[in-house]
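Let's take a walk through this structure together. Have a look at the fold before reading on.

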Amino acid sequence: MSPMQGHPGPNEHETVGAYALGILDDAEATAFEAHLATCEWCAQQLDELAGMEPMLAALADLPGSGSPAIGESLSAKPSPRIVNNLVDEIAERRAQKRRRSFYMVAAAAALIVAGPFAAIATTGTDSDGGSGTNATLAANPARDLFNGIADKVKGTGSGGKVTATVALQEKAWGTETALELSGVKGPLKCSMIFVSKDGERETAASWSVPKWGYGIPDAKTEQARNPLYVSGGVSMSPSDVDHVEVMTFDGEKIAEVDV
């Protein structure tokens, strides 16, 4: 019984690899091309085997081949076993390449999705002990935003020990803001809360303060001596803001800035 169309038997399968290698004689190649015109399966396999110069080079190095140059005829036809192994190896390499491409696309998509939610509180390295360096401090989007906004207001709290400076910039969607906070020690979890003239409260950002704190003049590390910079935003416009509060998650107000 002849094999079903679209599902070639072993001989036809071997012929796909041999045809791709260019080792069929004229009569065999003509016969295969006639079959190829009506066999979708073989056409797909042949497409998968396109660009086989590296594999030809590998076959040329087989013992007894006389090491012909790439593109030249081999001195003997490879056995069906070699052709089948070659086909299987190429198919696996193509599959691996497709999987790598998929993972790269997935990773890029993850970065695009995660990008807007990157950390907004930055001062330097986050390692325990606060061993910040100038190199890490140079990459500080929140600080750059703070320095780039001209409109700033300043306030204090905790008996004058904590200093908070808020930069405000009007946007079509509301207010973009950045906070410079000094003189605060942790561990704490804090929020920057905008309070409107009507009493509406809106959280612009939240962050954690490690035990060594931020903006401590006599601290042992550069990280702790540097202030904390936090960026965020609210829907209310700057003209609607009455004041800004820096609150702990426990409800303690550690600084207030009148706008």
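What follows starts with confidence, then moves to the cores, a helix and a couple of ring interactions.

First, a word of caution: this is a predicted model. The chain averages a pLDDT of 74, with 59% of its residues at 70 or more.

Now for the inside. In soluble globular proteins, nonpolar side chains tend to be buried together. Here the largest nonpolar core has 26 residues, and Val166, Leu179, Leu181, Met192, Phe194, Trp207 and Val246 have the most contacts inside it. Who supplies this core? At least two of its residues come from each of the strands β3 (162–171), β4 (174–182), β5 (188–196), β6 (201–209), β7 (228–234), β8 (241–248) and β9 (253–258).

Apart from that core there is another, of nine residues, including Val16, Ile23, Phe32 and Leu36. Phe32 and Leu36 turn up again in helix α2 (residues 26–36), where the buried residues are Ala29, Phe32 and Leu36. These three sit on the same side of α2 because they cover an arc of only 65° around the axis.

Finally, the rings. The structure holds one aromatic pair. There is also a charge over a ring: the charged end of Lys152 sits over Phe146, 4.9 Å from the ring centre.

How values were computed: Residues numbered from 1 in each chain as written. Predicted model: local features only at pLDDT ≥ 70, side-chain atom pairs only at ≥ 80, totals over all residues. Heavy atoms only, no water. Phe/Tyr/Trp six-rings, centres within 6.5 Å; stacked < 30°, edge-to-face > 60°. Lys NZ or Arg CZ within 6 Å of the ring centre and 35° of its normal. Buried < 20%, exposed > 50% of the residue type's maximum accessible area, 1.4 Å probe, protein only. Helix = DSSP H or I, 4+ residues; strand = E, 2+ residues; numbered from the N terminus. Arc of directions from axis to C-beta. pLDDT = per-residue confidence, 0-100. Core = buried A, V, L, I, M, F, W, Y, C linked by side-chain atoms within 4.5 Å.
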